[in-house]
Every structure is written in structure tokens, then in C-alpha cells.
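Here is a walk through one protein model, taken strand by strand and then along a helix. Please keep the sequence and the structure in view while reading.

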Amino acid sequence: MNNISQLPETITTPQAQRFYDRLGINHDRGERYERLAKEVGLARLALAPGQWVLNAGVGTGKEQKLIQAAIAPAGVAWGIDISRVMLDLTRSRVAPPGSQALCQGDIQRLPFPAGTFDRIFCTYVLDLIPAGAIPTILREFHRVLRPPGRVVLVSLTEGTTLASRAVIGAWKSFYRLSPLSMGGCRPIRLTHALLKAGFSRVQRQVVVQLGMPSEVVVAQW
Ligand SMILES: C[S@@+](CC[C@H](N)C(=O)[O-])C[C@H]1O[C@@H](n2cnc3c(N)ncnc32)[C@H](O)[C@@H]1O
């Protein structure tokens, strides 16, 4: 047990890549549990025209389209993902030049110079990363942000209500049997790790949709 998760280990990066390559557009079925928290996260990004934004683990591109529209015409929305299939889905959703600002890679090693971005958005990705690798990723986010940049992280978290505690209890039972069957996702808490990575003014709220609890964490460079 550590301060990020009671279940620190999860699937490997190659397993995640294969899982999300296979999942493809079926990924969007999870929207009914995640939509509200993502909407809160997008609002907390406080996007404005001209900003540079990184969507880390961009997935099928629904949010990328909204980000692109909010920062147009001069802003740049980059997306990175380990899965080629996810990147192709995003590419089919976003208009040029955003469709060119996509790269395949591991968020543990971001291929961008220091101080590139005003905002970083990362939703339902860190909850499938081994706890030992999360500090490295948060330091990478800090490196590529330019002051006074902001990061918004949305992740599965521990339950806060009777219903959401029951849902997460059942989730963890399945997870213990097979992390891969749950896409490697397990509940996490990121506030402490963000402070350790150099971020300040860390704020956290929990959003529950259909019994599924998500934390929306906002932090400043
Ligand atoms: C649950 S999906 C979330 C996608 C999107 N952010 C959303 O909220 O809809 C997790 C995504 O993270 C990507 N991913 C997993 N591990 C990664 C890594 N180490 N580096 C980059 N992307 C990764 C997966 O390929 C997948 O697209």
C-alpha cells in the first residue's frame, strides 16, 4: 500500500498498448460513467484561445475535439498515446492541423522541450499506470508545462458514498483476480504525489456518476 493506491501494481505498458489497440472504439462505452468528471475537468482547464495544450493518453479523441475548438484559432492541441488504434480514432475526429499534432509514445518520456504547454489534461490514464512510475510522469508533466501552467487529472478513485464504496469494492475484487480484465484501471489518489512533483495549489473533488467515483485534481506549476 502507498499514498497513490492500495493496489500499486497494474498491467505493463506493452499490455496496455495491446489492450487499447484491441478495445478501439468500444472504449467510448465507458462514457456513461466518466462523462460528468471529464466535463468538470474540462471546465477546470480554463482554456483560452492561443493556448498550447497536451492531452496525455488522448484515447478516441472526444475531448481533443473540444479542446481544439476552445483554443482556436491560434492554439495548438497535442495528443500522445501508446496505442496506434486510439491515435487513428482521434485523427478521424479532429480537424487539421490538430490531426497532425498527434504522436505515439509513452507518457513516461514526453518528446517535448521544457516549458512547451500552458495546460495538460490527462483522463483515466494514470489509474492504469504502476504506482512506481507515476512520480516520473508527474515530473514530466511539470517539466513540459510553462509557468503558470495548469494540470488537470481525472482518474478512478476510492468511493465516497455508500453506493460508490460498494461499486469500488466490487471493482477491486475483480481487479485482484485479473487487472487486465479491468483494463488495468484501479482507484488512485494523486494529490500528495503532485505536491512531491513540484506542483502547488492542488485541489481535489470527487464526482460520482452511476455509482462510479472519479477524482478531478487540479494543480498549478
Ligand atoms: C482508459 S483510456 C482513456 C483515454 C482518454 N484519456 C479518455 O479519458 O477517454 C487510457 C488511454 O491511455 C493510453 N495509455 C496507456 N498507457 C499509456 C502510456 N504509458 N503512455 C501513453 N498512453 C498510454 C491508452 O492507450 C488509452 O488510450
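In strand β7, residue E215 is the bridge partner of S155. Residues are numbered from 1 along each chain as its sequence is written. This is a predicted model, in which local features need pLDDT of at least 70 and side-chain atom pairs count only at pLDDT 80 or more, while totals for chains, interfaces and linings use all residues.

The pairing of β7 with strand β5 (residues 145-156) is antiparallel and extends over 7 bridges, where two strands are said to pair if DSSP finds at least two bridges between them. Strand β6 (residues 200-209) also runs antiparallel to β7 and is joined to it by 8 bridges, with V208 having P213 of β7 as its bridge partner. Between β6 and β7, which form a hairpin, there are 2 residues, and L210 in this turn has a positive phi of about 50 degrees. Strand β7 (residues 212-220) is largely enclosed by the rest of the structure, because 8 of its 9 residues are buried; a residue counts as buried if 20 or more other C-beta atoms lie within 10 Å of its own, exposed if 12 or fewer do, and partly exposed in between, with C-beta atoms placed from the backbone.

Strand β1 (residues 52-56) is mostly covered as well, with 5 of its 5 residues buried. From β1, W52, L54 and A56 point one way, whereas V53 and N55 point the other way. Strand β2 (residues 76-81) pairs with β1 in the parallel sense over 5 bridges, and V76 of β2 stands opposite W52. Strand β4 (residues 117-123) likewise runs parallel to β1, to which 3 bridges join it, and R119 in β4 is the bridge partner of V53.

Turning to the helices, α2 (residues 31-45) has a kink of about 25 degrees centred on A37, the bend at a residue being the angle between axes fitted to the seven residues ending there and the seven starting there. A37 is also one of the buried residues of α2, together with E34, K38, G41 and L45. The elements covering the buried residues of α2 include α3, β4, β5, β6 and β7. Just after α2, A46 takes a positive phi of about 50 degrees.

Note on methods: Helices (H or I, at least four residues) and strands (E, at least two) are DSSP runs, numbered from the N terminus. Two residues are in contact if their C-beta atoms, placed from the backbone, lie within 7 Å.
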